Amino acid sequence: MSDSSPLPPVRLHPEAELARDALSTPLLSRAALLARWAGPGTRVDAGGSLVEEQLAAAAEALGLTGEDAAACASEAWRVAVDAGLVEIVDEEAGTVAAGEELALLTGGAPHDVLAVWLDALDTVLAEAAVPDLDDLMEAMDEGGQVDFSRLDWNPEAEAEFLDGVLGNLYLLTASEDGPGDAPVPLPALAASMIIPGDMDEPTNDVLEQVSDAMMRLDDQFRLLEPLGVVAYRPVDEDLMVDADEEPSAPLDDTDVSRYGMVRLTPLGVYGLRARLQEAGFDAPAVGDLADKGADALLDAGAGYGPRAALAETEHWLARRDPLAAAQELLAAARGSDPGAPLRRLRCQQALSLVGGQAEPAVRAVLADPELGGLARVWLSELGATDVPAPSEDLVFWLTVDTLAAQLAAEGNSEELQALVEGLAQQHGGFFAAAWRVDHPATADVLEAMGRLHPDKRIAKEARKAAFKARSQRGG
C-alpha cells in the first residue's frame, strides 16, 4: 500500500458514538476498573507490570475467574499504564497512583476518550506482534532466559505484517466494490499478504505459508477483539486437531466460516484511519470536504467512488444555501486542465442534488463556452421546455468533454466502450468532424475511441482523426 495516493474515503460514525463504544470495550473498561482499584498498597515491578502476588486480587476486582483470569488482569493493567490511566509514582518502590487520563474517561470530551483508546490500541498491537507463550517457552535456555536467536521472530517484520493485514482489511472495508460491513474470510486475508498477484496457482510451499499466517492471525485477532477493533469468529478448534484425532463434529470443507471470519468495527475503522494518517497516508473520511470550497469538492471527489462521492456532496450541500452552492460549483467546474472534464461531470451530478433551486445559476451560464452544454443537459433533465438548442460545435465539444470525463472516472470500462460504439454508429461522419473540436482532450479521446472500438476499420478512422487533432494543436 503506497502512501503517495489517497485511500478510499471511509464513513466514520459520530465521535460521541465511537467514544461510547470505546468505553464499553472489555479491555478498556477493565483497564479503567484496575486504575480505580489501585491504591497505596499496589506494587509494580521494574517494567511497570503488577507484581505476581497481586494478580489474583486484580483478577478478583475485575470479576474474572478461570485459568486465564490472571493473564487477562495483567493485560488490562498493561493497557492502564500505557494509556496513562495509571502512573508510576516511585519506580524504585514500585508505587502507583491514578493517572491524569483516567479522569478523561468520565469527564472528557469524546475526542479525549478516543485518544485514550488509541493509546490502548498501540499497546495491543505491540502485544499482538510478540510470539505466543508456547514459542517463548520452547526458546527458553537452561538458565530460564529466552534465547531470541532460537525464535523465528523478527519484531519489525511481525509488526509490518500485522499492519499490512489490517491495512488490507481497511481497504476492503472502504472500497465500494469490497464486502463493506460483511466479514472477510481469514484465508483470503492471509492469502492477500502471502500469494503474489502474478501467481496463477500457488505452490504447496506458498499454501503452507498461508496456513501459518492464518494461525498467527487467529491469535492476533483474538487479542484485538476485546479492544473493539474487530468482530472476529475464530478458527474452528476442530480444524486444528491432529490427523489421528477425531473432531468433535463432522467437518464441512465448504464452510469457509469455520476457517475464521473477521471484519473491522466502526471503532476499528476509526483507529486504523488514525494510524494510517499518522504514518503519512492520505486517508480521507466522508465529510472531510464539508467546510472546503467547491474546487476541493470537485477535485477530491473525482477520486471517490459513486457512493462516497454522493455522500460527500450531500454533506457539502447541507451546509450551504442552494443557489449560492450552485454558483460556486459552476465556477469551480470551469477550466482547460486535464481534470476539468471530470470536474464538470461531478458538478452536473452535484447540481442534480440541488434541484430546481439551482436553475437561476445554471441559466446564467448558458452562453459560457465551457458550461453551456452542461447547462442545457441539466435544464433538459429538469424538464425545462425553453432550453436554447445547442450549435453543432457545442454538441461536439460536449461529446468530447463527456468522453474525457468518463475516461478519467472509469478508464477503459465496458460502459465507455458501449458509449463509443453507439456514437460511431449514430454519427457516420463523427470522426471527420470530431478532430476539429477545439477541446484540450480531443486527441486523447479519439485515441481512446480507436483503442476501444472493436471494429478495426472504425478504430483506424479514430486513430487517424486523433493524429489530425494533434497536428492541428501542434502536438
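1. The model is predicted, so local features need pLDDT of at least 70 and side-chain atom pairs count only at pLDDT 80 or more, while totals for chains, interfaces and linings use all residues. Residues are numbered from 1 along each chain as its sequence is written, and side-chain values use heavy atoms, with hydrogens and water left out.

2. T123 lies in helix α6 (residues 110-128), where helices (H or I, at least four residues) and strands (E, at least two) are DSSP runs numbered from the N terminus. T123 counts as buried because its relative accessible area is 11%. Apart from neighbours within four places in sequence, T123 is in contact (heavy atoms within 4.5 Å) with R78, V79 and D82.

3. The buried residues of helix α8 (residues 155-174) include F161, L162, V165 and L166, together with E158 and Y170.

4. An open sheet is formed by 3 strands in the order β3-β5-β4, with antiparallel pairing; two strands pair if DSSP finds at least two bridges between them. The edge strands, each pairing on one side only, are β3 (184-185) and β4 (230-233). Between β3 and β5 (residues 261-264) the antiparallel pairing runs over 2 bridges, and P185 has M261 in β5 as its bridge partner.

Key:
Buried < 20%, exposed > 50% of the residue type's maximum accessible area, 1.4 Å probe, protein only. Expected span 1.5 Å × (residues − 1).
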